[in-house]
Amino acid sequence: MSDTTADSASRRVFIDKQSPKAYHALVETADAVRAVAAEAGLARGLVELINLRVSQINGCAYCLNVHTRAALRAGETTQRLGVLAAWRDTELFTERERAALALAEATTGPANAVAQESAYERAREILNDDEISAVIWVAITINAFNRVSILSKHPVRAIPLIPGSPRG
């Protein structure tokens, strides 16, 4: 991190720490959304793909770091994670995953009405009402966490390697 970037980051208010009641309400929302997603039958790996794709769009390094590790724990492969930003250009994602990712992208950029309608119509063909609702809630929630981390400039720190382990 450059000195200018470090100085800028040090002047930021970590809004999660400054306003813990609001942040805890957001965490409670995330817990409820995670339960809704599970009840709707969304696999944890798909939830993490949504979290990652939205975080890519928003450029949230902190959330990308957190949710990459969570996706790997949920069984995602490094290949799929590596090409997630270009998911439309691969055959690595199922139709269900593609519908969910498109809907999550539309939720993240709702000003593009044409893309939103297209994504929603595709989702209606593949996902049921509970799944659509869950995907949208997952995207809304990670968008909120992205804003918290981006505006607070939450740092991403290197994870020390365990001696003898392969470099990740």
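Q: What makes Glu131 buried or exposed?
A: The model is predicted, so its terms carry limits: local features need pLDDT of at least 70, side-chain atom pairs count only at pLDDT 80 or more, and totals for chains, interfaces and linings use all residues. Residues are numbered from 1 along each chain as its sequence is written, and side-chain values use heavy atoms, with hydrogens and water left out. Buried means under 20% relative accessible area, exposed over 50%, and partly exposed in between (1.4 Å probe, protein chains only). Glu131 has a relative accessible area of 8%, so Glu131 is buried.

Q: Where is Glu131, and which side chain makes a polar contact with the side chain of Glu131?
A: Glu131 sits in helix α9. Helices are DSSP runs (H or I, at least four residues), as strands are (E, at least two), numbered from the N terminus. The partner is the side chain of Arg96, at 2.4 Å. A polar contact is a pair of N or O atoms within 3.5 Å; within protein, one must be able to donate a hydrogen and the other to accept it, and residues adjacent in sequence count only if both atoms are side-chain atoms.

Q: Which residues does Glu131 touch, not counting residues up to four places away in sequence?
A: Ala40, Leu42, Arg96 and Ile126. Contact means heavy atoms within 4.5 Å.

Q: Why does Asp16 count as buried?
A: Asp16 has 9% relative accessibility, so Asp16 falls under the cut-off for buried. Asp16 lies in helix α2 (residues 15–18). The Asp16 side chain makes a polar contact with the side chain of His154, at 3.0 Å.

Q: What makes the pair of Tyr23 and Phe145 edge-to-face?
A: The structure holds one aromatic pair. Tyr23 and Phe145 form it, with 6.0 Å centre to centre and 85 degrees between the planes. Rings of Phe, Tyr and Trp (its six-membered ring) pair if their centres lie within 6.5 Å; planes under 30 degrees apart count as stacked, over 60 as edge-to-face and the rest as tilted. Tyr23 is in helix α3 (residues 20–40) and Phe145 in helix α9 (residues 129–152), so the pair ties together parts 122 residues apart in sequence.

Q: How do Tyr23 and Phe145 count: buried, partly exposed or exposed?
A: Tyr23 is partly exposed, at 26% relative accessibility. Phe145 is buried, at 16%.

Q: How do you know that the buried residues of α3 line one face of the helix?
A: The buried residues in α3 are Leu26, Ala30, Val33, Ala37 and Ala40. Seen down the axis of α3, they fall within an arc of 90 degrees, so they line one face. The arc is that of the directions from the helix axis to the C-beta atoms. On the other side of α3, Lys21, Glu28, Ala38 and Glu39 are exposed. The cover over the buried residues includes α4 and α9.
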